[in-house]
Amino acid sequence: MIILRLAIPSPLRKLFDYLPPAGSEQTSFEPGLRVLVPFGNRDLIGILVETTTETQFEISKLKRAKKILDETPPLPAHLFKLARWAASYYQHPEGDALQQALPVLLRKGQACEYQHELLWRATSDAQINTLKANAVRQIELLKLLKEHPSGISLDAIKAEGGNLNTLRSLEDKKLAESFHRPHKSHHEQVLHEAPLTLNGEQQSALTQINKRSGFTASLIEGVTGSGKTEVYLQAIEKTLNEGKQALVLVPEIGLTPQTVMRFKQRFNLPMAVLHSNLSDRQRLDAWLQAREGVAKIVIGTRSAIFTPLKNPGIIIIDEEHDASFKQQDGFRYSARDLAVMRARAEDTPIVLGSATPSLESLHNAKEGRYQWLKMTQRAGTSLAPTFKLLDIRQEKLSEGLSTQLISAIGQHLNNGTQVLVFLNRRGYSPTLSCNDCGWIADCSRCDAHMTLHREPPHLHCHHCDKQQGIPRVCPECNSDQLQPVGVGTERSEQALQKLFPDFPVIRVDRDSTQRKNAMHDIMDKVNSGDPCILVGTQMLAKGHHFPKVTLVAIINADSGLFSSDFRGMERTAQLILQVAGRAGRAEDPGTVLMQTYHADHPILQTLVEHGYSAFALEELHNRKAAKLPPYTHYALLRAETTTQYRAESFLAALRQQLEDDLLLPENVHWIGPFPSPMEKRAGMHRAQLMIYAENRKVLHQLLANLCWYLEQNKESRKVRWSIDVDPADTF
């Protein structure tokens, strides 16, 4: 009797036994197949892990599967194995992890195939300027069709705001045409345009990447503007010429349209772009194009790490230091680390690049596990920007701006160049306060202040998303003396508009870029080259190329210097240098001015005088002395509950019981429990227990035992608990 052992998407860390579907004539079932099964009072999609002839249950009590949904597994065997390994490593239920590796429509049981054979595209001679200026919908749709020369389905067009009537109008004007989907694509020419000439450091890095066959991990540590993207492009060109595919992971596609555009301009081959803004159907179609080898280049965010390639050739991780590569809830995997595991399984090279590499990657390079490729010069004729710290301890600020900074902004604008003002706080002001009694607008669900917004007017908690109106009077003393405290991007925008009325001020944050194509429109304005002021958050630090920006002003360089998270210094240094790197990227020299109340802080001094490498080596030395990652491995056991102190007392009792009942492996240590840095969030009271060890294997043995123990423990059902392995932060 064949028994199907399935991973079911449920919180339970176990596999479930089922009998094959009634009338099934199959005698062998391949691991990875999707199976429709009854589970409780509903039907779920399970993933076949293995078949067996033995079970701990009576055969008569086993339920029958309803249907085998695939003839062949959607995921190749090595990616199926990688997803299972990730579930084990990150201590996550296997059924849910395997589901996360599949597109949403496959999780819902839909067929693993293209739904739409009929696609639409712009005709070869279609020109946007042939349409009347007031034909806005037709212009937008024709632009969309031109962005998808390989074709786009009607469903995808509707998801982007188009409709069939507009499409028919374009067809009548011979500007659009329909065709049946080609399942194979042949292009004689790989390139649209010729590659750029590399300088010595770029050529050396490219040679090192290309000279080895099979798995090799390379870390490019290249200063901002050193031309890392050009090295990626030329390494990918070699891969494409060999008939293979490339997978490129970026932190956030919506924030880096220039990167995607550069790939499209360079290569004359089909490309798939995977990100969360796609419809489920668009994502499955792109996923299938990658799996079948139609898409030669796949660019995606974190979840694209599980996208199968028919002929894998190279993996690129751009801005590898970025924390968004680590999933922060649910299946808490690191796409960067899984990418290295995947490259090893596929025997392909992997390139990790950053101007400010993570300390983990630098440690791997120092230990010889990665090739360490350094690029210390900017590409072309541009020079590194000059840094200057502005000590504002004795200075009276105007809306957060010092006199010296205001003067410098005016000087650069009058010289015909652009200015970037960086402030990592959204909204008008970080909070609202009463001048009479000291009341502060706090969030009732979080240990955080409500941020004041003026567009539209409201108070907003950026941790739990609670929103409410702005009170007319103080709820404590009925005073009308309510004042904004501190400066956010909205307030800076308003102040800069008053100070420099002759120049446009463009705000770039989560609020100003919510509208579709908003970021693209902003980039068009900036790239026109006209003098302007960009004011925004860390969104401005993520890989943008602003050739006319000559001054970068960092309003509050101190924000992360005193973080309770041991990664706070690293994150602050990375953010400062990534923002600073936007200055002077073309022929005009760049300047970076950093306002600070701690101009003599050793971290700031090291960054300004010696750069990121010196800071990183010093920080690694401090981490080693303190037995912190990457010299130890650790995990956080998090607990949260609606009752104050209950999460912490649960973890304290758990630790005591484990120390009594379990032999703690040698060299495994506990710290805590203690309240989370933000103890209350979204109405939940949170606490955490840190577990660390120098030996990774020993730590994971303990974590596996801990998960088993928690699942058997009745008290653990009264709290919400999770394990975060290799956490990106301690919040």
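**Contacts, helices and strands in this chain**

Q: What share of the chain's contacts between residues at least 6 apart in sequence join residues at least 24 apart?
A: That share is 76%, a contact being heavy atoms within 4.5 Å. Please keep in mind that this is a predicted model, where local features need pLDDT of at least 70, side-chain atom pairs count only at pLDDT 80 or more, and totals for chains, interfaces and linings use all residues. Residues are numbered from 1 along each chain as its sequence is written, and side-chain values use heavy atoms, with hydrogens and water left out.

Q: Why is strand β12 described as largely enclosed?
A: Buried means under 20% relative accessible area (exposed is over 50%, partly exposed in between; 1.4 Å probe, protein chains only). Seven of the seven residues of β12 (312-318) are buried, so the rest of the structure largely encloses the strand. Across the chain, buried residues make up 54% of the 731.

Q: How do you know that β12 pairs with β9 and β13?
A: Two strands pair if DSSP finds at least two bridges between them. β9 (245-249) and β12 have five bridges, in the parallel sense, and L247 stands opposite I315. β12 and β13 (350-354) have four, also parallel, with D318 opposite G353.

Q: What makes β2 and β5 edge strands?
A: β2 (16-18) and β5 (67-68) each pair on one side only. They belong to an open antiparallel sheet of five strands in the order β2-β1-β4-β3-β5. Inside that order, β3 (34-39) and β4 (42-52) pair over six bridges, and L36 has I45 as its bridge partner.

Q: Why are α16 and α18 called roughly antiparallel?
A: Angles over 145 degrees count as roughly antiparallel (under 35 roughly parallel, 65 to 115 roughly perpendicular, the rest oblique). Helices α16 (568-580) and α18 (612-626) pack at about 175 degrees, with their axes 11 Å apart, and are therefore roughly antiparallel. The contact is made by M569, E570, A573, Q574 and L577 of α16 and Y612, F615, E619 and R623 of α18.

Technical notes: Axes fitted to C-alpha atoms, helices over the stretch in contact; angles between N-to-C directions. Helix = DSSP H or I, 4+ residues; strand = E, 2+ residues; numbered from the N terminus.
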